[in-house]
Amino acid sequence: MYALGEDIIRQCNEQNCRICDIVLVNEARLQECTVNEIRQKLWESFEVMDRSCRRTLTREIPSLSGLTSGSAMRLNAYQKHDDPLCGEWLIKGVAYALSCFEVNTSMGCICAAPTAGSCGILPGALIAAAEKQGAGKEKIIDALATASGIGQIIYKNATISGAEGGCQAECGSASAMAAAAIVEMRGGSVQQSFDAAATTLKNVMGLVCDPIAGLVEVPCAKRNAIGVANAMLSADLALAGIGSIVPFDEVVTAMYKVGKSLPHELRETALGGIAATKTGLRIKEELLGSSM
């Protein structure tokens, strides 16, 4: 059992194992099944992620509002035919994330990781990192197990809900999960995984949730994009030996307190932030009518 990051770190040190090992054993005990059965479930989730990350790379699927369609296709074409400032693998990861997000906004099948509004970050970052490294099925499953462990700790001690804690709780948590998973996949230490996760949360501390017209499309799509960059950069920082001065558990607690301090206008109510701008209000009226 574990409730905190420090619990996992201690157990990993005592048992000379990885985060994924602790998480897999714990999950098998909770679900009363074998570790191999949990691994199979994780792979099935990854297959959903992989399909959604590729579905709109070469074709446009309209979203319900029409606000975010075609971004993955355009970015994918840009990556192939131009020379992105951010480099091939980051742009690929972002394109994957946008594709996954567009599948979500067109009511397609995605894997919430940890939420539908942040669904592109973990798979986008993880798939790009796995392709760059040539990681196979088993390493990907291990990475997903590590990601789920990070998500569980945040869920137990804070929140993953934008309505409760702002976008820092959704996209921030997804980035933390992705960063820790990538560090695991690239052979980093347990401490480096938690350092990467802590860094991602610090990078977006206080990020509000302000969807235009209350629809999970704008600015959510681009926050999935920046979430991939946050995860991949934080993983690189940790792997370079640049740790987090504030431990992961303390960062999670701080994120929760900040989220609770946000006014309700900035927690998914569409009453503040860009949702309350002149353009945001105009779009809301066009989509929902003046009675809304």
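Three helices each put at least two residues into the lining of the largest pocket: α2 (19-31), α3 (35-54) and α7 (137-157). Keep in mind that you're looking at a predicted model. The space in this largest pocket comes to about 380 Å³. Its lining counts 20 residues, and if you want to find the centre, look for Leu42, Ser45, Cys111, Leu144 and Ser148, which are the closest to it. Sorted by class, the lining of the largest pocket comes out as 14 nonpolar, 4 polar and 2 charged residues.

Now move on to the second largest pocket, with a volume of about 210 Å³. Here α5 (88-105), α6 (121-133) and α11 (220-239) are the elements that give two or more residues to the lining. Helix α11 has the largest share, with 5 residues. Among the residues around this second largest pocket you'll spot Trp89, Lys132, Arg186, Met232 and Asp236. Its lining splits into 8 nonpolar and 3 charged residues, with no polar ones.

Finally, have a look at how two helices pack. The axes of α1 (residues 5-15) and α10 (residues 190-203) come within 10 Å and cross at roughly 165°. An angle over 145 degrees counts as roughly antiparallel, so that is how α1 sits relative to α10. The crossing of these two, α1 and α10, is right-handed. Where they touch, Gly5, Ile8, Ile9 and Cys12 of α1 meet Val190, Gln191 and Phe194 of α10. The residues in this contact of α1 with α10 are 5 nonpolar and 2 polar, with no charged ones.

Conventions
Residues are numbered from 1 along each chain as its sequence is written. This is a predicted model: local features need pLDDT of at least 70, side-chain atom pairs count only at pLDDT 80 or more; totals for chains, interfaces and linings use all residues. Side-chain values use heavy atoms; hydrogens and water are left out. Axes are lines fitted to C-alpha atoms, for helices over the stretch in contact, and angles run from 0 to 180 degrees between N-to-C directions. Helices (H or I, at least four residues) and strands (E, at least two) are DSSP runs, numbered from the N terminus. Angles under 35 degrees count as roughly parallel, over 145 as roughly antiparallel, 65 to 115 as roughly perpendicular and the rest as oblique. A crossing is left-handed if the near helix is turned anticlockwise from the far one by less than a right angle, and right-handed if clockwise. Contact means heavy atoms within 4.5 Å. Ala, Val, Leu, Ile, Met, Phe, Trp, Tyr, Cys and Pro count as nonpolar, Asp, Glu, Lys and Arg as charged, and the others, Gly among them, as polar. On a 1 Å grid over the protein atoms alone, a cavity is a set of points where a 1.4 Å probe fits but cannot get out, and a pocket is an open set with protein on both sides within 12 Å along at least five of seven lines; lining residues have an atom within 4 Å of a point. Grid points are joined across faces, edges and corners, and a volume is the space filled by probe spheres set on the points.
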